[in-house]
Amino acid sequence: QCEAGRALRSNSDAATCDVCAPGQYSLRGSTQCAACPPGQYQDAAESSACKPSLAGHYVAEWGSNQAGSTCPAGRYAAAGGAECAACPFDTYRSITGAASASDCTVCPAGESSSPGSVACAECQAGRWADGATGKCVNCPAGRAVAATGKSSAEDCIVCEIGHWSHE
């Protein structure tokens, strides 16, 4: 019977145990080494378990011997992540390596962003930033706003006599 981190050599008549390579592991008595699953890695040979990827990093492939790739700006991953998630609507992350959604920064009033953004954008004239959806929204019909960067439907004013807004 082989110790943890080793597996029985399959092409041998004798009971020979081979060392599991980095990126693999085995429990005591295993007949083969297993690849570390996505979200985990093992950088040492002869291991009985895999390690979770580091926070702010991800391991997408099976059998990794690396601690993971850094999440790009606009994305995050907790320890043990197999992929990076996008920062939510109305938030952004301009630097790499975020570990959770709370590392994403909320857009300032009058600005919005889509998921996975690295910056917020100011809403154009005639639109306002809806904090609930993270989107710039048109002013209601018959109302308008001339300035950029507005953060409320209340910023949209009734059109003057002789003017109109179709939105």
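## Disulfide count

With a disulfide taken as a pair of cysteine sulfur atoms within 2.5 Å, the count in this predicted model comes to six. Among them are the pairs C2 and C17, C20 and C33, and C87 and C104, which are taken up in turn below.

## C2 and C17

The sulfur atoms of C2 and C17 lie 2.0 Å apart, and the bridge is left-handed because the torsion about its S-S bond is about -90°. This pair links distant parts of the chain, with C2 in the segment before β1 (6-8) and C17 in strand β2 (residues 17-19), 15 residues apart.

C2 has a relative accessibility of 2% and therefore counts as buried, whereas C17, at 24%, counts as partly exposed.

## C20 and C33

C20 is joined to C33 with an S to S distance of 2.0 Å, and the torsion of about -90° about this S-S bond makes the disulfide left-handed. Here C20 belongs to the loop between β2 and β3 (24-25) and C33 to the loop between β3 and β4 (34-35), so that distant parts of the chain, 13 residues apart, are linked.

At 0% relative accessibility C20 counts as buried, while C33 is partly exposed, its relative accessible area being 24%.

## C87 and C104

The disulfide between C87 and C104 has an S to S distance of 2.0 Å, and its S-S torsion of about -70° means that it is left-handed. Because C87 lies in the loop between β10 (85-86) and β11 (91-92), and C104 in the loop between β11 and β12 (105-106), the pair ties together parts that are 17 residues apart in sequence. Both C87 and C104 are buried.

How values were computed
Residues are numbered from 1 along each chain as its sequence is written. This is a predicted model: local features need pLDDT of at least 70, side-chain atom pairs count only at pLDDT 80 or more; totals for chains, interfaces and linings use all residues. Side-chain values use heavy atoms; hydrogens and water are left out. Helices (H or I, at least four residues) and strands (E, at least two) are DSSP runs, numbered from the N terminus. Buried means under 20% relative accessible area, exposed over 50%, partly exposed in between (1.4 Å probe, protein chains only).
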